[in-house]
Every structure is written in C-alpha cells, then in structure tokens.
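Dear colleague,

I am handing over the structure below for your use.

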Amino acid sequence: MSRPTPASGPHAAPRTAVVWTVLRGELDRRAGQPLTVLDVGGGTGGFAVPLAEAGHQVTVVDANPDALAALIRRAAEAGVGDRVRAVQGDGDALAGLVEPASMDLVLCHSVLEVVDDPLRVVESVATALRPGGAASVLVAGRAAAVLSRAMNGHLDVAAALLADPEGNAGPRDTLRRRYDAESASTLLRAAGLRVEEIHGVRVLADLIPASAADNDPQALLALELAAAARPPFRDLAAQLHLFARRTP
Ligand SMILES: C[S@@+](CC[C@H](N)C(=O)[O-])C[C@H]1O[C@@H](n2cnc3c(N)ncnc32)[C@H](O)[C@@H]1O
C-alpha cells in the first residue's frame, strides 16, 4: 500500500491531510476530468464544497435537513451552488435517490459508525459507483478509543470498548460501533469493493499537547503523513481511511 506524499494548499490541515492526499491521487489519476461525486452523509459540505470548487459535480445525500441547508449556503458563498446537489435521504436507500452505476467517486465519511445497518450503506455505495469507480470511506478506530479512555482514567469504559465485538462502549457511547483495519476491510469486501489503500487519520494529532500542534503545524502534518500508512501507528489512529474500488 502506498504512502501519501506531502499535501499542500487549503487541504493541508493535519486532521484531514491524509484523506485529501489520497483523494487528490484519484483526481490526478483522472487527469483533470470533471467527475461525478456522491458524498453520503456529507453533512455541511466540508469535502463536497472543495470538490465542487475543483470542478466536480457533487451530490450530497444526508438525513439531516439542517446540515443540508448549511451545505447549500456554503456552496453558494463559494460560488459553486450549480455544482452541488443536496438530497435529503438515507444512506442505505440510495437507489431511489441516485442513478445506479453513475458515480466516479463516492465518499462515506464518519457515517458507518452511526447508521443502523453499515453493510446496507456500503452496498448502496457500491451500487452507486460505476464499474472502476472509487470509494473513500472514513471510520472511527477502535484502538484509539480504547487508549484514549484508558489514558483519561476511564478504565471501565476502555475495558467495555475492548470487549464489545462492535467496539461500542455502552449505553452512553455516541457511536454505535468502531472498526479496525481488518473489520473495515471485511465490510467493504462484503459489498464487492476491492480495498486498495488503508491509512490512519489523526495518528498523533489527538495525542500531542495542543501547544505543540499550534507551534509547529507543519511538523505535525509531516509526522501524520509519515505515520499514516505504517502499522502499528496506522492502527492506533483515531480514524481509518479506506480507499476502495468497484471492480469493473
Ligand atoms: C459525523 S457527521 C459527518 C459529516 C461529514 N461526512 C464529514 O466527514 O464531515 C455524520 C453525518 O451523517 C449523517 N447521517 C447519519 N445517518 C445517516 C443516514 N442513515 N443516511 C444519511 N446520512 C446520515 C448525519 O446527518 C451527519 O451529517
């Protein structure tokens, strides 16, 4: 699996740089062609609007009408309202909202940990992709959640997270499940997607003192990019990014 090259420009924030670096690889591979992009659970458009600014046609499907209203405002302010379509709907029922096999790229970021049936969502993602199209999937990492609970002294919660097969910490947990590289890959493969790359996102960003991040964001960025593809660092990241493809 390849290591990302250093990111630059507006998408170089340490917390998202790895994801943008992988996405940029796919956009570059398509040699500047305008792509059809679907962002499932895309929220207020943190990824959708920059992709539209880069010339791509982006559809955001999200269950939350308030998030979609914010997305529409943000797209209009960026001057790309004509390239962003906001659709209220459920990620596991995309067939009625999006033409099957019509998307070059589908994003599904920070969604699989909160939905009722993650396999149905991933199957919907695969159905929306044209053969050869790519999926960008970001999920919460289980190991980082166990470590952070333990480091904060919540040993009972850490133990519950470690023991639960889904990586859930109990009734007060805001996420229904978390993943490791193997469980996330298995899920994507079950939907017929071929996993090409796995990176850790926020390997160290959440662990270092805020002052270190503020004083030298470039050093943090370089460290994040260097550690992102390398186990065991990758596997301790707060989030895991999987880049997968629908086989032709
Ligand atoms: C944590 S936010 C992530 C937003 C965005 N993808 C990002 O990475 O910044 C989760 C989003 O998923 C949406 N969502 C949750 N369940 C959903 C579902 N079943 N179908 C569609 N969207 C859903 C929420 O409304 C919310 O906007």
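**Ligand shell**

In this predicted model, 16 residues surround the ligand, and the closest are G41, G43, N64, G91 and H109. By class, the shell around the ligand comprises six nonpolar, eight polar and two charged residues.

**Confidence**

The average pLDDT of the chain is 92, and 95% of the residues score at least 70. Residues 1–10 have a pLDDT below 50. Beyond near neighbours in sequence, this stretch has 20 contacts in the model.

**Helix packing**

Helix α5 covers residues 142–151 and helix α6 residues 155–163; their axes lie 7 Å apart and the packing angle is about 165°. Because angles over 145 degrees count as roughly antiparallel, α5 is roughly antiparallel to α6. The crossing in which α5 passes α6 is left-handed. On the α5 side the contact involves R142, A145, V146, R149 and A150, and on the α6 side L155, V157, A158, L161 and L162. The contact of α5 with α6 has eight nonpolar residues, no polar residues and two charged residues.

The pair α1 and α9. Helix α1 (residues 17–29) packs against helix α9 (residues 217–227) at an angle of about 60°, and the axes are 9 Å apart. The two helices, α1 and α9, are therefore oblique to each other. Here α1 passes α9 in a crossing that is right-handed. A17, V18 and T21 of α1 make the contact with L221, E224 and L225 of α9. Sorted by class, the residues of the contact of α1 with α9 are four nonpolar, one polar and one charged.

The pair α4 and α7. Between α4 and helix α7 (residues 181–190), the packing angle is about 55° and the axes are 8 Å apart. It follows that α4 and α7 are oblique to each other. The crossing of α4 past α7 is right-handed. The residues that make this contact are P118, L119 and V122 in α4, and L187, L188 and A190 in α7. The contact of α4 with α7 has six nonpolar residues, with no polar and no charged residues.

**Backbone details**

Two places in the backbone deserve a note. Most residues other than glycine have a negative phi, and most peptide bonds are trans.

Where is the cis peptide bond that joins two prolines? This cis bond joins P231 and P232, with omega about 5°. P232 belongs to the loop between α9 and β7 (239–246).

S110 has a phi near 60°, which is a positive value in a residue other than glycine. S110 is located in the loop between β4 (103–109) and α4 (118–128). One of the closest residues to the ligand is H109, and β4 covers 103–109.

With kind regards

Terms used
Residues numbered from 1 in each chain as written. Predicted model: local features only at pLDDT ≥ 70, side-chain atom pairs only at ≥ 80, totals over all residues. Near = placed C-beta within 6 Å. Nonpolar A, V, L, I, M, F, W, Y, C, P; charged D, E, K, R; others polar. Axes fitted to C-alpha atoms, helices over the stretch in contact; angles between N-to-C directions. Helix = DSSP H or I, 4+ residues; strand = E, 2+ residues; numbered from the N terminus. Parallel < 35°, antiparallel > 145°, perpendicular 65-115°, else oblique. Left-handed = near helix turned anticlockwise from the far one by under 90°. Contact = placed C-beta atoms within 7 Å. pLDDT = per-residue confidence, 0-100.
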